[in-house]
Amino acid sequence: MSEQILTLDPNGKTGVLMPLDIYEQLKEAIVEHFLFQPEMTEEEILQNLSKHPVVESYLEEWFKPMLPDMIARDYLEMVEGSQPPAYQLKVIRC
């Protein structure tokens, strides 16, 4: 059996067990798209990823737990006041 990761949720909800290799590939693909478009809605992220040759095959199954997990792990943050809700890469200040 492959190594698994338990996704996190910023609201404390129970996460899901996800294959670590799929988690890492999906996380990398999401971050990659933010380098080209710094602010995206969930729909825009999903549209971009649906064209990604590596992650498109398991996108439907694993996309939903990824965004809350990436917020909980401080990779992404919600854009304040955006309608519809939008996400951006979290800026880490040193």
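This report describes the sheet, the helices packed on it, the nonpolar core and several individual residues of a predicted model.

Residues are numbered from 1 along each chain as its sequence is written, and side-chain values use heavy atoms, with hydrogens and water left out. Because the model is predicted, local features need pLDDT of at least 70 and side-chain atom pairs count only at pLDDT 80 or more, while totals for chains, interfaces and linings use all residues.

**Sheet**

Helices (H or I, at least four residues) and strands (E, at least two) are DSSP runs, numbered from the N terminus. Two strands are taken to pair if DSSP finds at least two bridges between them. Three strands make up an open, antiparallel sheet in the order 3-5-4. Strand 3 (39-41) and strand 4 (76-78) are the edge strands; each has a single partner strand, so one side of each has no neighbour in the sheet. From one strand to the next the twist averages 35 degrees. Axes are lines fitted to C-alpha atoms, for helices over the stretch in contact, and angles run from 0 to 180 degrees between N-to-C directions.

Strand 5 spans residues 86-89 and pairs with strand 3 over three bridges in the antiparallel sense. Strand 4 is also antiparallel to strand 5, and three bridges join them. The residues that stand opposite each other include the following pairs.

| Residue | Opposite residue in strand 5 |
|---|---|
| Glu 39 | Gln 88 |
| Met 40 | Tyr 87 |
| Leu 76 | Leu 89 |

**Helices on the sheet**

Helix 1 (residues 20-36) lies across strand 3, strand 4 and strand 5, at about 90 degrees to strand 5. Helix 2 (residues 42-50) lies across strand 3 and strand 5, and runs at about 95 degrees to strand 3.

In helix 2, Ile 45, Asn 48 and Leu 49 are buried. Seen down the axis of helix 2, the buried residues fall within an arc of 95 degrees, so they line one face of the helix; the arc is that of the directions from the helix axis to the C-beta atoms. An α-helix has 3.6 residues a turn, so residues three or four places apart point the same way. The cover over the buried residues of helix 2 includes helix 1, strand 3, helix 3 (59-72) and strand 5.

Glu 42 is in helix 2 and is partly exposed, with a relative accessible area of 28%. Contact means heavy atoms within 4.5 Å. Not counting residues up to four places away in sequence, Glu 42 touches Phe 63, Lys 64, Leu 67, Pro 85 and Tyr 87.

**Nonpolar core**

A nonpolar core is a set of buried Ala, Val, Leu, Ile, Met, Phe, Trp, Tyr and Cys residues joined through side-chain atoms within 4.5 Å. The largest has 22 residues, of which Met 18, Leu 26, Ile 30, Ile 45 and Leu 49 touch the most other members. Helix 1, helix 2 and helix 3 are the elements that give two or more residues to this core. Helix 3 gives the most, with seven residues. Leaving aside neighbours within four places in sequence, the contacts of Met 18 include Ile 5, Thr 7, Tyr 23, Leu 26, Trp 62 and Met 66.

**Loop residues**

Thr 7 sits in the loop between strand 1 (4-6) and strand 2 (17-19) and counts as buried at 4% relative accessibility. A polar contact is a pair of N or O atoms within 3.5 Å; within protein, one must be able to donate a hydrogen and the other to accept it, and residues adjacent in sequence count only if both atoms are side-chain atoms. The side chain of Thr 7 reaches the backbone nitrogen of Val 16 at 2.9 Å.

The loop between strand 4 and strand 5 contains Ser 82, which is buried at a relative accessible area of 14%. A polar atom of the Ser 82 side chain lies 2.9 Å from the backbone nitrogen of Ala 86. Pro 84 is in the loop between strand 4 and strand 5 as well, and a cis peptide bond with omega of about -5 degrees joins Gln 83 to Pro 84.

Most residues other than glycine have a negative phi, and most peptide bonds are trans. Asp 74 is not a glycine, yet has a positive phi of about 65 degrees. Asp 74 lies in the loop between helix 3 and strand 4 and is partly exposed, with a relative accessible area of 42%.

Technical notes. Buried means under 20% relative accessible area, exposed over 50%, partly exposed in between (1.4 Å probe, protein chains only).
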